[in-house]
Amino acid sequence: MAIRKSNKLPLGAILKQMLKRCSSNLGYKKHVFIDNEDQFPLDVPNGHFAVYVGENRARFIVPISVLTHRDFQSLLQCSEEEFGFNHDMGITIPCEEVVFATLIISMLR
């Protein structure tokens, strides 16, 4: 029996693509970009990324350390199921803002 190599990208590559897509598709004029090549907003500090949460699409800046948490990975899977990867906004989490804030605080402890 041969071992079949998965054609899926590693999690790190997928997250990098999501972050680039998030940064380049923000659609807000208030964001200032470094240059056309990277397209990362200047208002997001290094080691962080923006996510949009809830019906009002509240913007949260979260550290990349949350990406390793099981709960946050579950939220990303829910996001993929609900919105897919090809939508007009950045990473959008289908969760109430209060619940998301509580989860992030617990992850950072």
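At its relative accessibility, does F72 count as buried or exposed? The answer is that F72 counts as buried, because its relative accessibility is 0%, where buried means under 20% relative accessible area, exposed over 50% and partly exposed in between, with a 1.4 Å probe and protein chains only. The model is a predicted one, in which local features need pLDDT of at least 70 and side-chain atom pairs count only at pLDDT 80 or more, while totals for chains, interfaces and linings use all residues. Residues are numbered from 1 along each chain as its sequence is written, and side-chain values use heavy atoms, with hydrogens and water left out.

Confidence comes next, expressed as pLDDT, the predictor's confidence in each residue from 0 to 100. The protein averages a pLDDT of 75, and 62% of the residues score at least 70. Helix α1 (residues 11–24) has the lowest confidence, with a mean of 55, whereas β2 has the highest, at 94; helices (H or I, at least four residues) and strands (E, at least two) are DSSP runs numbered from the N terminus. Over residues 22–37 the pLDDT stays under 50. Where pLDDT is low, the predicted coordinates should not be read in detail.

The aromatic residues can now be followed. Rings of Phe, Tyr and Trp (its six-membered ring) pair if their centres lie within 6.5 Å, and planes under 30 degrees apart count as stacked, over 60 as edge-to-face and the rest as tilted. By this rule there are 3 aromatic pairs. The pair of F49 and F72 is edge-to-face, because the ring centres are 6.0 Å apart and the planes stand at 75°. F49 belongs to strand β1 (residues 48–53) and F72 to helix α2 (residues 70–83), so this pair ties together parts that are 23 residues apart in sequence. F72 also forms a tilted pair with F100, at 6.4 Å centre to centre and 55° between the planes. Since F100 lies in helix α3 (residues 97–107), this pair ties together parts that are 28 residues apart in sequence. F100, too, counts as buried, because its relative accessibility is 0%. Ring pairs link F49, F60, F72 and F100 into a cluster.

How values were computed:
Contact means heavy atoms within 4.5 Å.
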